[in-house]
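I opened my notebook to look up how the strands pair.

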Amino acid sequence: SAKAGLRYEYSMVNGNSLTSGQQTETSYGKFFPTAYISYKSNENHTFSLNYSKRINRPGFRAINPYRWYNNINSYFTGNPFLQPSINHNFEFSYVYKGKLSASAYFQRKLNASDQIVILEGENKTSTFANFYNASSMGLSLNYSDTFFRLWEANYSGDISYMETQVFVTDAASRKGSGYEFNFQNNISLNKSKTVQLILNYWMRLPSNSGNVRWDYLGNFTTGLKMNLMDKNLQLNIFISDIFKQSKSKGQIYYTTGTHYFNNYYDARRLNLSATYTFGNKKIKGADRNV
């Protein structure tokens with residue numbers, strides 16, 4: 001089977017900063033083609049080759065020119081003239097029995113933006129800029145299965161290699177590898193599956209992105225999901241980032257030197273929720289075609 005498509009998007013962005021009185025206006029229009037080819041040799045094996053062109057628009061924080069001061073010599077500000085980046089994505093994938101999938105991919109990112117730091121004497125300004133192109137290739141694996149009819153598992157991993165080419169600013173061009181892994185487990189503690197134990201762990205080994213090298217990052221989350229009173233009452237208890245591994249730590253490389261950062265934004269949470277459903281569940285609503 002095969003499928004192809006073409007989409008056109010036109011964007012208009014108007015900004016008005018009440019604090020600085022700055023007004024900005026920009027617009028851009030682009031075509032976005034996609035193409036997909038899939039071949040299923042039998043019930044167990046499926047192959048596909050895909051291409052897509054995507055757009056990645058900057059978020060509000062990245063374009064808001066308002067200044068957040070840390071002290072008289074240091075502040076963060078957005079860049080209202082920031083432009084979106086364009087991604088060209090190629091992917092070859094294989095699926096075995098709907099449980100195991102493997103994908104080899106290549107991505108070309110053009111006019112990419114990221115946060116940069118500008119040093120002028122004792123003054124430091126953090127902002128965003130379009131300053132590099134990047135090429136990356138990698139391999140993604142995903143495995144989903146159910147064991148003993150009680151244990152639902154989903155495991156995934158991504159290994160990639162990236163090279164960046166800086167065309168403005170004094171940010172340094174970089175190349176290196178990246179590694180991400182995600183383990184999700186849903187274990188039923190009784191045969192009726194009304195009480196389930198959740199064990200999830202996500203981690204990123206030391207990896208490269210743009211002109212930044214990130215240190216190890218992880219998050220272990222666990223909890224219970226309970227369906228009581230004929231499944232009318234649902235109780236959820238979750239604890240996230242138990243080992244306090246959600247740290248933002250690493251190095252940012254410039255041609256003039258290296259910046260080091262070590263931030264911790266507390267991601268540990270205890271979440272409790274209760275939902276009770278009442279009323280007659282056998283009532284059938286009118287069918288509607290939308």
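How many bridges join strand S16 to S17? I looked up the pair in this predicted model. Eight bridges join S16, residues 247-254, to S17, and the two strands run antiparallel. I picked out one of the bridges: Gln 251 has Tyr 260 in S17 as its partner.

Next I looked at the sheet around this pair. It is an open sheet of four strands, ordered S12-S13-S16-S17, with antiparallel pairing. S12 (207-209) and S17 (257-264) are at the edges, each with a single partner strand, so one side of each has no neighbour in the sheet. From one strand to the next, I noted an average twist of 25°.

Then I turned to strand S8, residues 123-147. I started with S7, residues 100-120, which pairs with S8 in the antiparallel sense over 19 bridges. Within this pairing, Gln 115 stands opposite Phe 128 in S8. S7 and S8 make a hairpin with two residues between them. Gly 121 sits in that turn and has a positive phi of about 65°.

I moved on to S9, residues 151-166. S8 and S9 pair in the antiparallel sense over 16 bridges. Here Leu 139 has Ile 159 in S9 as its bridge partner. These two strands also form a hairpin, with three residues between them. Phe 148 in this hairpin takes a positive phi near 55°.

In which sense do S5 and S8 pair, parallel or antiparallel? I found the parallel sense, over three bridges, with S5 spanning residues 74-77. I noted Tyr 75 opposite Thr 125 in S8.

Terms used:
Residues are numbered from 1 along each chain as its sequence is written. This is a predicted model: local features need pLDDT of at least 70, side-chain atom pairs count only at pLDDT 80 or more; totals for chains, interfaces and linings use all residues. Side-chain values use heavy atoms; hydrogens and water are left out. Two strands pair if DSSP finds at least two bridges between them. Axes are lines fitted to C-alpha atoms, for helices over the stretch in contact, and angles run from 0 to 180 degrees between N-to-C directions.
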